[in-house]
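Subject: Structure handover

Hello,

The structure is placed below, and my notes on it follow. Please read them alongside the coordinates.

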Amino acid sequence: MATSSLQAIRGMNDVLPADTGVWRYIEQSLGDILLAYGYREIRTPVVEKTELFKRSIGEVTDIVEKEMYTFDDRNGDNLALRPEGTASCVRAVLQSGLINQGVQRLWYAGAMFRRERPQKGRYRQFHQIGSEVFGLSGPDIDAEMIMMTNRFWQKLGIENVRLHINSLGNLESRSRYREALVTYLERHIGKLDNDSRRRLHTNPLRILDSKHPDVRVVVESAPCLTEYLDESSRQHFQGLCDRLDAVGISYVLDDKLVRGLDYYSDTVFEWTTDSLGAQGTVCAGGRYDGLVSQLGGQPMPAVGFALGIERLTEMLPDIQAERSPHIYFVGVGDAVQVALYRLSERLRSDIPGLRMIVNCGGGSFKSQFKKADKSGATVALVLGERELHEHNIVVKFLRRDAPQEMVSYDQLAGRMTEILNIRERPKVVASDAEVCNNRQASV
RNA sequence: GUGGGUGUAGCUCAGCUGGUAGAGCACUGGAUUGUGGCUCCGGAUGUCGAGGGUUCGAGUCCCUUCACUCACCCCA
């Protein structure tokens, strides 16, 4: 790789044709499940005012302090590439008034940006699929989301993931706990590493999931978050556990699980794996009942989660979606070139869903057949001078030991349909409204 | 931001104590002048990541820098 100047930005990757199939497979599979649970898609801009993220994620989090891509717009606004999806989603829902139109089950997918040092499973531009629900305060919706994510893994065939759950309690109990924790940690300050000391007064809960061995020992006997929960938080959390038990989803109660973003309260959860090295979190989320009002709306309960697509792609076996062409159309000789396109275009019209590569750039029979083989096509159609005169086409099987056939122009589409067993993809419905209309029409 | 490892052909890599590049795969042409996959024969390909230094001479040694990668950190 000698070209140095025209490279992609560090930590921002191309997804090449060999991999786009996996991406599509993930996006489509998860999109289907979200649709099945009644979640609707929302799309928001990649750029927002920096202020939005400061007020939601938290001023003293690492994301806001040192990982955001920010810049001044020409009018003086300070803007940022979004480091996560929740803040934008809340903003959009407030701005549009959707928040006042009853319960909203929403999902989004898109690129997020954090300026971190790249490593396995962590990139500066990465892609998340996430979901946010507004207007429900009970543990039922928390459970629903976890059930839905559980279904993601089933659908994708991912088995080596574990669910961790915890409750952070409401704002009051959390700040009481925070005080107790700080008091405790200050007594053991000698054993804390620099990072933990720095956090002691900015984001002390994060010290709980430190990987530093000495710090872990200190944390072992720290005050327990669970003991500070009030009755309603306890009941909420118990309600979640009961529902997970009921559907047979196993989980680890992890009282050291806190999340890095400030806005979480009560339920937090995390799906992790040990097959991804240091970046083991595949999907994470939780409840954030305070965020909507924090951003200027009426108080409104909310839950959400996000998952990292790159991390999923690395956990998936090579599921090469069947995308090879059905037909490679070989055409040799100047005289056949016009007829070649008359036939191939007619064939495309006659067989919806047909995947066909028409040879371009000329070449001998031999070289065209080599390309046909390499394309992975099931059959080669052959049009040469001879076929042109006799008004027929040679059908040659590339993957099966069968004699080649001679077919007339008029029989071609019929014979190809027999051979290739093509299923047309179901039509995508444009909008929810259209679904309703269709339903009424068919009643 | 901090540490470790690695940068040689499109890909995977070899290149001993310094003597100015090689293999396999892939690509391409032919054997087979209208038929791919197997076999055989031939061909093209490199600013040896970049810049500087030491040396008669640097892929090889030294410095700087960039990128990739893993871990810390962070988090999806």
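Two strands pair if DSSP finds at least two bridges between them; helices (H or I, at least four residues) and strands (E, at least two) are DSSP runs, numbered from the N terminus. This is a predicted model, in which local features need pLDDT of at least 70 and side-chain atom pairs count only at pLDDT 80 or more, while totals for chains, interfaces and linings use all residues. Residues are numbered from 1 along each chain as its sequence is written, chains are lettered from A and ligands numbered from 1 in the order in which they are written, and side-chain values use heavy atoms, with hydrogens and water left out.

Sheet. Strand E15 (residues 392-397) and E16 run antiparallel, joined by 4 bridges. One residue pair there is Asn392 with its bridge partner Ser408 in E16. Both strands belong to an open sheet of 5 strands with mixed pairing, in the order E13-E12-E14-E15-E16. Its edge strands, E13 (356-358) and E16 (405-408), each pair on one side only.

Salt bridges (a side-chain nitrogen of Lys or Arg within 4 Å of a carboxyl oxygen of Asp or Glu). The count is 17. One of them links Arg105 and Glu144 at 2.9 Å, N to O. Arg105 lies in strand E5 (residues 104-113) and Glu144 in helix H5 (residues 139-156), so this pair ties together parts that are 39 residues apart in sequence. Glu144 is buried at 17% relative accessibility, whereas Arg105 is partly exposed at 26% (buried means under 20% relative accessible area, exposed over 50%, partly exposed in between; 1.4 Å probe, protein chains only).

Regards
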